[in-house]
Amino acid sequence: MGCWRGPSTVLACLLLLRPLPSPACPAACRCSSGEADCSKHALREVPQSLSANTSTLWLGYNFITALGPQSFPPLPGLLLLSLPHNHLGLIHSQALVGLGALQELDLSNNYLTALTPETFLPLTSLATLNLGSNRLGELDPGVLHALPQLQALLLQDNPWVCSCGILPLWHWLSHNREKVREESLLLCRVPEHLNEYPIMDFRNESFRQCQETSLSAQHYITFLIIGPFSFMASIFFCTFMGSIIVVYHNLRRESHFWRRPRICRGR
């Protein structure tokens, strides 16, 4: 059937030739070319109707307080995830599962106080991590060891506690200076006499007391096991030796009695 028989036929042909509709975009977002901008919409959770081919997701300036194990829809091609200026205080250990292609993650300006290595294990391709302006007093280096492709780390403006607990992080930073952005200046907040002191200005001798007196959890467990065992063993040993001594003295006394010379009286 030809397409030039009349105006209605032409219109029908044009409708058939138009491009397919683009993937659905959440009402609170603006989407184009794999990018979804869902910023500044007072969102309390991640939109679930995102297209599976989304490569960039902006979620800044919302009210997301936690990321649970099913917070994100399937996004196998997501390369950049931006979550700054939310009220984020908790990230579940399974929250980022399925985001293995992610290369850049911005969690700055939130309320994070602690992070676990399990949370970041799925991010095998992550190159840039921004944890600036949170409430981190310490950071388990296992979080950073879980990111084999990490190239840029930002940790500025956190209330770092410069006690013995900061030693593992200091060790990691000392051996990975090239990964810490220049603008990421880590300053002590506590104790007061070290307030605003740069963490990277510490030296090995600064932690000498920690290295001499600090004991790992395994040491304490070993002491708890060996202590009672040693106590019981000492009681058993003392009882055993005491019994041997008593038996020895009894045997010696009986032997002395039977060897006593007999006195012969005259008839």
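Modeller: Accessible areas here come from the Shrake-Rupley method with a 1.4 Å probe. By that method this predicted model exposes about 17,600 Å². Carbon and sulfur atoms supply 59% of that area.

Colleague: What makes serine 108 count as buried?

Modeller: Buried means under 20% relative accessible area. Serine 108 has 6% relative accessibility, so serine 108 counts as buried.

Colleague: Where is serine 108 found, and what is serine 108 in contact with beyond its neighbours within four places in sequence?

Modeller: Serine 108 lies in the loop between strand E7 (104-106) and helix H2 (117-120). Leaving aside neighbours within four places, its contacts are Leu83, Pro84, His85, Asn130, Gly132, Ser133 and Asn134.

Colleague: How much of the protein counts as buried?

Modeller: The share is 35% of the 267 residues.

Colleague: What makes a group of residues a nonpolar core?

Modeller: The residues must be buried, of nonpolar kinds such as Leu and Phe, and joined through side-chain atoms within 4.5 Å. The largest such core here has 56 residues. Those with the most contacts inside it are Leu57, Phe72, Leu81, Leu105 and Phe120.

Colleague: Which helices each supply at least two residues of this core?

Modeller: Helix H3 (142-145) and helix H4 (167-175) do. H4 gives the most, with five residues.

Colleague: What does leucine 105 touch, not counting residues up to four places away in sequence?

Modeller: Leucine 105 touches Leu81, Leu96, Phe120, Leu123, Leu126, Thr128, Leu129 and Asn130.

Colleague: How do you know that strand E2 and strand E3 pair?

Modeller: Two strands pair if there are at least two bridges between them. E2 (residues 35-37) and E3 (residues 56-58) have three bridges, so they pair. The sense is parallel. Aspartate 37 has tryptophan 58, in E3, as its bridge partner.

Colleague: What is the strand order of the open sheet of seven strands?

Modeller: The order is E1-E2-E3-E5-E7-E8-E9, with mixed pairing.

Colleague: Why is one side of strand E1 and of strand E9 left without a neighbour in the sheet?

Modeller: E1 (30-32) and E9 (152-154) stand at the edges. Each has a single partner strand, so one side of each has no neighbour in the sheet. From one strand to the next, the twist averages 5 degrees.

Colleague: How many helices and strands does the protein have?

Modeller: The protein has six helices and 11 strands.

Colleague: Among contacts between residues at least 6 apart in sequence, what share joins residues at least 24 apart?

Modeller: The share is 49%.

Technical notes: Residues are numbered from 1 along each chain as its sequence is written. This is a predicted model: local features need pLDDT of at least 70, side-chain atom pairs count only at pLDDT 80 or more; totals for chains, interfaces and linings use all residues. Side-chain values use heavy atoms; hydrogens and water are left out. Buried means under 20% relative accessible area, exposed over 50%, partly exposed in between (1.4 Å probe, protein chains only). Helices (H or I, at least four residues) and strands (E, at least two) are DSSP runs, numbered from the N terminus. Contact means heavy atoms within 4.5 Å. Axes are lines fitted to C-alpha atoms, for helices over the stretch in contact, and angles run from 0 to 180 degrees between N-to-C directions.
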